[in-house]
Amino acid sequence: MEVDVTSIAAAGEKNERERASDEESNGAAKKRKLGGIRTMPFILANEVCDKFASSGFHANMITYLTQVLNLPLVQASNTLSNFGGTASFTPLLGALLADAVAGRYWTIVIGSIVYQLGLMCIVISAVVPSLRPPPCPTQVNCQEASTSQLWVLYISLLLISLGSGGIRPCVVTFAADQFDMSKAKVASRGWNFFNWYYFSMGMATLTAITVVVYIQDNVGWGWGLGIPAAAMMVSVVAFVMGSRLYVKLKPGGSPLARLAQVIVAAVKKGNVPVPEDPGLLYENKELDAVISVHGRLLHSEQFKWLDKAATMTEEEARSSGPPDLWRLVTVHRVEELKCIVRMLPILSAGILLVTCSSHLGSFTIIQARSMDRHLSRSFQIPPASLSIFSILTVLSGLVLYERLFVPFIRRFTGNPVGITCLQRMGIGFTINILGAIVASFVEIKRKKVAAAHHLLDAPTAIIPISVFWLVPQYVIHGIAEVFSSVGHLEFLYDQSPESMRSTAAALYWVAISAGNYLGTLLVTLVHDHTGKERNWLPDRNLNRRRLERYYWLVSGIQVVNLVYYLVCAWLYKYKPIEEAICREEEEEEEAEPAPAPAKRDVLAKNMANETNRNAGEMELIANAEKA
């Protein structure tokens, strides 16, 4: 029996009658049920290949720019920095497109095609000799890429940035739309969708930084970039092939316009008193049907000034026509804005977490380069490959979290998912502090060994201390990511307004971008204001600097950030939502068709529990009984 998510309003009832009529005319004995686990191979294939392509593309692109296009190091670094900034902000544009106009499905399709075009351009530039300068193995007096050759590169990077902007904010929310994310369903499934989503992304990254990077260095850039391009093409075809199986929610109009309407209406009615009874505020189920198919938001007591936007004047109460949404909006739309306002403090805490963790990709690699990296007499671990330990920790940690931690902690909390998303994020923030402290002690140990062997003034010398001393901090940061990053995704999906989930997912990428930019600012300020003789951060000689003090600084920042987060989490109020529960009756295969029509849907209102909330979407679906 099919679940029709739009049947709560008059327009939805009309659609249901039309669909029932079509199925009856086609002689269908059963309604086709959309969504579910069978859609996951198509959806996750798209995102896994995106992650595989982007990880393989980014990890070694500095080598491509400096050794294939012969660009100077500074110019190459600036190019990748600008590309990274653009790729981090385009998800916001893609989210607005999905929520306002195109919907998540078509935004993913369009984004994937644009992404594919970008990869094909970069592959062509790597294969066609006229699109790159002559080889320069000595890296001395090399001929740099011409203006036309660089334009091919820039167009490729721009297309990839725009394509990823359509994929990243929509895939996780579109995939979650395929499931019943209500509390009862999550408990009966025994698995967490967001854990397995993040696990899939980790596997894609691990494969890319091992297989693809090896092919690029040892086989050639044509194959090294062609494989991700081919994988992306397969993913586009697979995603489109599953089109008939998907639950596709319609876009609810521009979310920014609706938020602006609430603010403008509240300002215009600044002198209008808000009724004491919330039941007197304006509500319109038909008007909100498209943006609340899974449940209307109920009135909350926070930010009561915004309730003025839903306060009806005598003239508006007598009017029988549609309201002017710049003067009067529904309670649901007011609560959408309240949800966003409540989420902002929690989201801002994640920015500093990224800021303080940015050293993993820079200073730790410098440390590793000065340490003994031999696994055997002839083989050394590349410094950049140490991130494998963090990825492996995330992959194994997600499995252990799902199979061991959740069943254990569920006994004490009674929560189907073990702990709430806010509690999960708080644990991740705490563990991340431990990682920075461990990193400081490892740096102290490294410099003590250097001093004992009189190597403090030899910046290029290999200090006789194993590089595996750095592994614990990678592992700790991986454990922190299992809690904080996945909890962050759960929080965004669960607490954002239904029609703004793609926009909320885009905020995840914007927070990462802002955190990285702030990390650069922090490093610059520390380098400029810690003196020249005993500067904390190195120019050339790491052994004579005080990197451990930088780690102490970021540890202190994280402690302050943790206190700020705990206060925000303590004061946070979960969104109240109206649920409709669907008890779908099983149909016997040999039963005769019922002659009587189905009964009308029944809605059951429930205020959402403000503690131990499920990290998933509270479904609103139709309840039809077979006559």
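Let me start with a salt bridge: Glu 548 pairs with Lys 447, and their closest N and O atoms are 3.0 Å apart. Glu 548 belongs to helix 17, residues 547-571, and Lys 447 to helix 14, residues 421-452, so this pair ties together parts that are 101 residues apart in sequence. Both Glu 548 and Lys 447 are buried. Before I go on, please keep in mind that this is a predicted model.

How many salt bridges does a search of the whole structure find? The count is 10. I will show two others. Asp 288 forms one with Arg 333, again with 3.0 Å between the closest N and O atoms. Asp 288 sits in the loop between helix 9 (255-268) and helix 10 (314-318), while Arg 333 is in helix 11 (residues 331-357), so the bridge ties together parts that are 45 residues apart in sequence. Asp 288 and Arg 333 are both buried.

Lys 338 forms a salt bridge with Glu 335, at 3.2 Å between the closest N and O atoms. Both residues are in helix 11, 3 residues apart, which is about one turn of the helix. For the spacing, recall that an α-helix has 3.6 residues a turn, so residues three or four places apart point the same way. Lys 338 and Glu 335 are both buried.

Now the overall picture. The protein has 17 helices and 2 strands. Of its 627 residues, 51% are buried. If we take contacts between residues at least 6 apart in sequence, 83% of them join residues at least 24 apart. The accessible surface comes to about 29300 Å², and carbon and sulfur atoms account for 63% of that.

Next, helix 5. Helix 5 covers residues 147-176, which is 30 residues, and spans 44 Å from its first C-alpha to its last, close to the 44 Å expected at 1.5 Å a residue. Where is the kink in helix 5 centred? It is centred on Cys 170, and the angle is about 40°. Helix 5 is also mostly covered, with 21 of its 30 residues buried.

On to the surface. Ile 113, Leu 117, Met 120, Met 233, Val 237 and Met 241 form a nonpolar patch with about 570 Å² of accessible area together. Helix 4 (73-127) and helix 8 (221-241) are the elements that give two or more residues to this patch. Take Leu 117 as one example: it is found in helix 4. Leu 117 counts as partly exposed because its relative accessibility is 43%.

Met 232 is in helix 8. Is Met 232 buried or exposed? Met 232 counts as buried, because its relative accessibility is 0%. Leaving out residues up to four places away in sequence, Met 232 touches Asn 46, Cys 49, Asp 50, Ser 112, Tyr 115, Gln 116, Leu 119 and Ile 167. There is also a distance to give here: the C-alpha atoms of Met 232 and Phe 52 are separated by 8.7 Å, with the two residues 180 apart along the chain.

Last, two backbone angles. Most residues other than glycine have a negative phi. Phe 303 has a positive one, near 50°. Phe 303 lies in the loop between helix 9 and helix 10. With a relative accessible area of 37%, Phe 303 is partly exposed. His 454 also has a positive phi, near 55°. His 454 is found in the loop between helix 14 and strand 2 (463-466). Its relative accessible area is 71%, so His 454 is exposed.

To recap the items I would look at on the screen: the bridge from Glu 548 to Lys 447, the kink at Cys 170 in helix 5, the nonpolar patch that includes Leu 117, and the positive phi of His 454. That is what I have.

Methods: Residues numbered from 1 in each chain as written. Predicted model: local features only at pLDDT ≥ 70, side-chain atom pairs only at ≥ 80, totals over all residues. Heavy atoms only, no water. Helix = DSSP H or I, 4+ residues; strand = E, 2+ residues; numbered from the N terminus. Expected span 1.5 Å × (residues − 1). Bend = angle between axes of the 7 residues up to and from the residue. Buried < 20%, exposed > 50% of the residue type's maximum accessible area, 1.4 Å probe, protein only. Patch = residues over 30% accessible without salt bridge, like charges linked within 9 Å, V, L, I, M, F, W, Y side chains within 5 Å. Areas by Shrake-Rupley, 256 points an atom, 1.4 Å probe, with all protein chains shown as cover. Salt bridge = Lys/Arg side-chain N within 4 Å of Asp/Glu carboxyl O. Contact = heavy atoms within 4.5 Å.
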